[in-house]
Amino acid sequence: MLSTLKILWSSLGMALSELRVNKLRTFLSLLGITIGIFCIIAVLTVTDSMESSIRKDLKSMGTNVIYLQKWPWDGDGDWWKYINRPEPQYSEMKQIKDKVASADAVTYLFSSSGRKIEYGIDYMENVELLAVTMDLEKMQSVDIAMGRYFSPSELIAGSNVIVLGANVWEGLFFTPEAALGKVVRFAGRNCKVVGALKKKGDSMLGGVFGDNTILMPYLFARTIIDERRFADPFYMIRAREGVAVGQLKDDLTGAMRAIHRLKPGQDNDFALNEITTAQDELESIFGVINLGGWIIAGFALIVGGFGIANIMFVTVKERTNIIGLKKAIGARPGIILLEFLFEAVMLCMIGGGLGLLMVFGSAKLAQNMFSGFEIALSTGNIILGLSISAIVGVLAGFIPAFSASRLNPVVAIRSN
């Protein structure tokens with residue numbers, strides 16, 4: 001065992017010496033491995049980070065919520081099939097609450113983008129308005145950085161109060177403390193700031209509002225914006241504890257068909273969307289991206305494998321007389337085989353390590369560019385990258401190593 005370790009240690013020294021002496025040849029041989037590992041691990045790192053972000057968003061939004069809307073999230077592309085559907089109406093809220101016993105919270109909202117908000121001579125454009133009713137905080141995380149959310153009386157009365165998203169209060173007031181109590185103008189109407197939201201950052205789903213959003217009571221918002229023409233109204237309905245989302249969906253389907261007075265043979269003129277639908281769509285996209293990464297990496301690894309095999313054949317040729325001497329003094333074929341396999345694996349591991357370093361650097365760079373989206377090289381992907389490198393090393397180095405182990409010691413010693 002000790003002699004085997006000494007031989008492997010000697011092989012490691014020879015391999016490092018080979019790297020120093022033949023820098024260009026080694027670099028070109030390792031380039032394929034480096035690119036292949038970079039391709040697959042970079043793709044896996046990005047998709048893993050996206051999946052982690054999606055799961056985080058789903059947790060904050062709740063997976064037991066149904067979105068009642070005009071448009072389906074997984075529509076078949078038939079625009080004319082959905083354009084003539086009626087928009088959800090605020091007046092339907094009471095009927096939904098009365099007819100759907102499996103729901104414990106119902107909220108009506110509408111969003112309208114491309115709006116302008118002003119404070120003194122300062123203003124921000126392309127702000128999104130989200131008009132809200134009761135129970136939104138039960139279904140969507142509303143993280144307040146300073147101040148408060150709307151009181152029930154403000155929502156019922158339609159008070160002219162407003163909660164600012166992070167980008168909005170940063171742009172107008174710099175700090176959330178400075179924003180509280182100020183009166184801003186939105187669509188020509190004065191609104192008092194009662195709260196400022198925490199920064200959410202970039203995300204895949206992001207919830208029903210983001211950092212460029214302002215929140216406003218629905219009954220006030222409808223006096224300044226015509227929701228039927230300039231907005232996208234929808235309902236969020238949460239299932240009671242212990243009630244499956246499927247049951248809630250069935251109950252809502254029956255209730256909405258009754259509310260819209262649809263006959264048995266008529267198609268639904270509404271859509272019941274689930275967060276899991278969006279998740280499934282995104283995961284299928286990630287699957288295609290992963291497949292593309294594996295294909296590109298596969299070609300690069302094949303090229304890299306041939307490069308490693310080539311450098312190992314050259315190495316065997318250069319050390320033929322040394323191999324003969326080792327066999328003459330008692331080195332078994334298995335030890336010679338193991339020595340060259342170890343060298344091939346180590347070369348591939350160096351190439352794979354360089355690829356992982358490139359992924360790590362790219363992840364850090366992307367993290368700085370997209371501060372709200374976390375991209376990190378996981379331990380699992382590091383292990384995967386090194387494992388793939390080792391496997392390629394074994395496959396690429398086996399034939400050269402086997403040929404070295406079968407050399408006749410007398411013939412090998414006489415070679416130049």
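**Before you click**

What you have on screen is a predicted model, so local features here need pLDDT of at least 70 and side-chain atom pairs count only at pLDDT 80 or more, while totals for chains, interfaces and linings use all residues. Residues are numbered from 1 along each chain as its sequence is written, and side-chain values use heavy atoms, with hydrogens and water left out.

**Stop 1: the whole chain**

Show the cartoon first. The protein chain has 16 helices and 10 strands; these are DSSP runs (H or I for helices, at least four residues; E for strands, at least two), numbered from the N terminus.

How much of the chain is buried? Of the 416 residues, 46% are. Buried means under 20% relative accessible area, exposed means over 50%, and partly exposed is in between (1.4 Å probe, protein chains only). As for contacts (heavy atoms within 4.5 Å), take those with a separation of 6 or more: 78% of them join residues 24 or more positions apart.

**Stop 2: the core**

In soluble globular proteins, nonpolar side chains tend to be buried together. A nonpolar core here is a set of buried Ala, Val, Leu, Ile, Met, Phe, Trp, Tyr and Cys residues joined through side-chain atoms within 4.5 Å.

Select Ile96, Ile117, Ile162, Leu164, Phe186, Ile214 and Met216: in the largest core, of 47 residues, these touch the most other members. Helix H11 (residues 245-259) gives the most to this core, with six residues. Apart from it lies another core of 31 residues, including Leu44, Val316, Ile388 and Ala401.

Zoom in on Met216. Which residues is Met216 in contact with, leaving aside neighbours within four places in sequence? Among them are Leu129, Val132, Phe150, Phe186, Cys191 and Ile224. Cys191 is buried, with a relative accessible area of 0%, and Cys348 is buried at 0% too. A disulfide is a covalent bond between the sulfur atoms of two cysteines. With a cut-off of 2.5 Å between the sulfur atoms, a search of the whole structure finds zero disulfides.

**Stop 3: salt bridges**

A salt bridge is a side-chain nitrogen of Lys or Arg within 4 Å of a carboxyl oxygen of Asp or Glu, and the structure holds seven.

- Pick Lys94 and Asp98, whose side chains meet at 2.9 Å, N to O. Both sit in helix H4 (residues 93-99), four residues apart, about one turn of the helix, and both are exposed.
- Pick Asp104 and Arg238, also bridged at 2.9 Å, N to O. Asp104 is in strand S2 (residues 103-119) and Arg238 in strand S9 (residues 232-239), so this pair ties together parts 134 residues apart in sequence. Asp104 is partly exposed at 28% relative accessibility.
- Pick Lys249 and Glu274, with 3.0 Å from N to O. This pair links distant parts of the chain, 25 residues apart: Lys249 is in helix H11 and Glu274 in strand S10 (residues 271-274). Lys249 is partly exposed at 26%, whereas Glu274 is buried at 18%.
- Pick Glu170, Lys199 and Asp211 together: salt bridges link them in a network.

**Stop 4: out on the surface**

Where does Leu31 sit? Leu31 is in helix H2 (residues 23-61), and it is partly exposed, at 34% relative accessible area.

**Stop 5**

Finish with the backbone. Asn126 is not a glycine, yet its phi is positive, about 60 degrees. Asn126 lies in strand S3 (residues 122-132) and is exposed at 62%. Phe174 has a positive phi too, near 75 degrees. Look for Phe174 in the loop between helix H7 (166-173) and helix H8 (176-179), where it is exposed at 67%.
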